[in-house]
Amino acid sequence: MSSSNEKKLENLLSIGWVGAFISTLGSLYFSEVLQYTPCDLCWYQRIFMYPLVIILGIGVFKKDYKIAFYTLVLSAIGGCISIYHYGVQKIDFLGENSVSCGIVPCTGEYINWLGFITIPFLALIGFSIVFITSLLILKKAGK
């Protein structure tokens, strides 16, 4: 593997890690600092985001590009949950016909910046960053 390709792979791993890390810090900020109680779907998204910080961190430290397959799968599942959650918030039919989410309704919007940026939307951005970087790593590494 050429030196420039190796550097590109390292950068992609680092970008993925930063995306997952910022997403994790953001979710902790909303719940621990602003005291927003996460709904059930938010918890499922956290279940898929938090391990990405550790897995990608190990990948960056060990320069292990094979982890991209695992981060691709976790980010794809988490991203699907985020898309569904965003739909529950923004599409009346989904919100009215979704299953009950527990104490905090999944239709609730703690934030609604610019009329479309909600917490599930922010999570989707984080999952997308990890998914795209993982996909590019797999493509560049030839796996």
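The notes below go from the overall fold to the core and then to a few individual residues.

## How to read the model

This is a predicted model, in which local features need pLDDT of at least 70 and side-chain atom pairs count only at pLDDT 80 or more, while totals for chains, interfaces and linings use all residues. Residues are numbered from 1 along each chain as its sequence is written, and side-chain values use heavy atoms, with hydrogens and water left out.

## Overall fold

The chain holds 5 helices and 0 strands, in the order α-α-α-α-α from the N terminus. Helices (H or I, at least four residues) and strands (E, at least two) are DSSP runs, numbered from the N terminus. The C-alpha trace spans about 55 × 30 × 25 Å along its principal axes.

Of the 143 residues, 41% count as buried; buried means under 20% relative accessible area, exposed over 50%, and partly exposed in between, with a 1.4 Å probe and protein chains only. Among contacts (heavy atoms within 4.5 Å) with a separation of 6 or more, 74% join residues 24 or more positions apart.

## The nonpolar core

A nonpolar core here is a set of buried Ala, Val, Leu, Ile, Met, Phe, Trp, Tyr and Cys residues joined through side-chain atoms within 4.5 Å. The largest one has 28 residues, and A20, L52, L56 and I137 have the most contacts inside it. Helices α1, α2 (40-62), α3 and α5 (119-141) each give two or more residues to this core, with α2 providing the largest share, 7 residues. In soluble globular proteins, nonpolar side chains tend to be buried together.

What does the side chain of S75 meet? S75 sits in helix α3 (residues 68-90) and is buried, at 2% relative accessibility. A polar atom of its side chain lies 3.5 Å from the backbone nitrogen of F131; a polar contact is a pair of N or O atoms within 3.5 Å, where within protein one must be able to donate a hydrogen and the other to accept it, and residues adjacent in sequence count only if both atoms are side-chain atoms. Beyond four places in sequence, S75 is in contact with L52, F127, V130 and F131.

S23, in helix α1, is buried as well, with a relative accessible area of 18%. A polar atom of the S23 side chain lies 2.8 Å from the backbone oxygen of G19, and S23 touches M49 and G126, not counting residues up to four places away in sequence. Helix α1 (residues 3-33) also holds I15, which is partly exposed at 45% relative accessible area. With residues up to four places away set aside, I15 touches I129 and T133.

## Two loop residues with positive phi

Most residues other than glycine have a negative phi. K63, in the loop between α2 and α3, has a positive phi near 55° and is partly exposed, at 44% relative accessibility.

L114 belongs to the loop between α4 (92-97) and α5. Its phi is also positive, near 60°, and L114 counts as exposed because its relative accessibility is 73%.
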